[in-house]
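Please work through each task before reading its solution.

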Amino acid sequence: MRVLGIETSCDETGVAVFDENDGLLAHAVYSQVELHAQYGGVVPELASRDHVRKLLPIIEQTLATASTVPDRVDGIAYTAGPGLIGALLVGASLARSLAFALGKPCVGVHHMEGHLLAPMLEHDTPDMPFVALLVSGGHTMLVEVTGIGRYKVLGETLDDAAGEAFDKTATLLRLSYPGGPALAELARQGTPGRFKLPRPMIRKPGLDFSFSGLKTAVMLAAREQSLDDQVRADLAAEFQAAVVDSLSAKCRQAMRQTRASTLVVAGGVGANLSLRETLGQLAAEEGWRLYFPRPEFCTDNGAMIAYAGMLRLRAGERIPLNIEARARWRLEDLKPPGVGQAVV
Ligand code: KG4
Ligand code: ZN
């Protein structure tokens, strides 16, 4: 089965063609970063309009790179939520209309299921059950995964997501949007420990996270200093260390609680090198198998949607002719492919 995947939940237009037998044939991501940079964050209406402009040309380009034609595609998968509703509706309407015109099946994919399954795009893939740490701009959660569509959320953030905390702290440190990668880069020139920031929730039982206090602590520390380059770098390094410590402590707790031996990390913050190194060391000490997608599949992309959509379409799952997108959508509301959903 060959699936065209479409991702438009936020500020990246992602398209991919995934073939069950031949793997990923092509993928392309167009980032709207420059469009939103002048506003310091994503402007939803501008995001939707840019998806309208870019999506169809990127689909044509990706099909050409995959050396395939629409008729040879067996189904279409799009991100149905959660995300920005206007942006989601662009992908939803185009995917549904294209599928209708071509007479192909269509399925809506949960964005976080896409992230969670992104490691499956790699050569060496994790076996289920596993624990997944999903760390993106909108979500931070630990999930126990016992099968496709069998997800138990073990803990999640009580306030800001990890990526959101990176982005907001980056703004405090006068870095341009999007802040996460820029802050990680600045942290390389700094020394963690010069400023002492809290490790939120680390001593608390339970697997929830909290990052908004950390951002406030950076703001207070920055107020007392003249914000020269070294201070900014040292604050960035300590902030990154605090986030990585909090995430890894909760991963350790989740692995113990579930007695799992495989940890999967995905979502935009999964591209962070310090997180990858720290979890790598922890996994070696604890004897876990650890899986990350390559950095370009940690951030939003169409490949993860094509892959997750392929699993669901293959099981016979279809959406009816109405166009569906949801701004909010609980991961635990998903069912295994083909079970209890609209199957035609
Ligand atoms: O998964 P993603 O592309 O989009 C969402 O679904 O939200 O994640 C984007 C988030 C942003 O907050 C971005 O700053 C963060 O991931 N991010 C990083 C890095 N690369 C992306 N945060 C820290 N270090 C990075 N290298
Ligand atoms: Zn995402």
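Predicted model: local features only at pLDDT ≥ 70, side-chain atom pairs only at ≥ 80, totals over all residues.

Residues are numbered from 1 along each chain as its sequence is written, chains are lettered from A and ligands numbered from 1 in the order in which they are written, and side-chain values use heavy atoms, with hydrogens and water left out.

**Exercise 1.** Determine how the axes of helix α6 and helix α8 cross, and which residues make the contact.

*Step 1.* Helices are DSSP runs (H or I, at least four residues), numbered from the N terminus. The axes of α6 (residues 179-187) and α8 (residues 229-258) come within 7 Å and cross at roughly 110 degrees. Axes are lines fitted to C-alpha atoms, for helices over the stretch in contact, with angles running from 0 to 180 degrees between N-to-C directions.

*Step 2.* The two helices α6 and α8 are therefore roughly perpendicular to each other (65 to 115 degrees).

*Step 3.* On the α6 side, the contact (heavy atoms within 4.5 Å) is made by Leu183, Ala184, Leu186 and Ala187. The α8 side contributes Arg232, Ala233, Ala236, Ala237, Phe239 and Gln240.

**Exercise 2.** Locate arginine 312 and glutamate 113, and state whether each is buried or exposed.

*Step 1.* The side chains of arginine 312 and glutamate 113 meet in a salt bridge at 2.8 Å, N to O (a side-chain nitrogen of Lys or Arg within 4 Å of a carboxyl oxygen of Asp or Glu). By this rule the count comes to 21 salt bridges.

*Step 2.* The pair links distant parts of the chain, 199 residues apart: arginine 312 lies in helix α11 (residues 303-314) and glutamate 113 in helix α4 (residues 111-117).

*Step 3.* Arginine 312 has a relative accessible area of 2% and is buried; glutamate 113, at 1%, is also buried. Buried means under 20% relative accessible area, exposed over 50%, and partly exposed in between (1.4 Å probe, protein chains only).

**Exercise 3.** Describe the salt bridge between glutamate 164 and lysine 168.

*Step 1.* Their side chains meet at 3.2 Å, N to O.

*Step 2.* Both residues lie in helix α5 (residues 162-172), four residues apart, about one turn of the helix.

*Step 3.* Glutamate 164 is partly exposed at 25% relative accessibility, and lysine 168 is partly exposed at 33%.

Methods:
Parallel < 35°, antiparallel > 145°, perpendicular 65-115°, else oblique.
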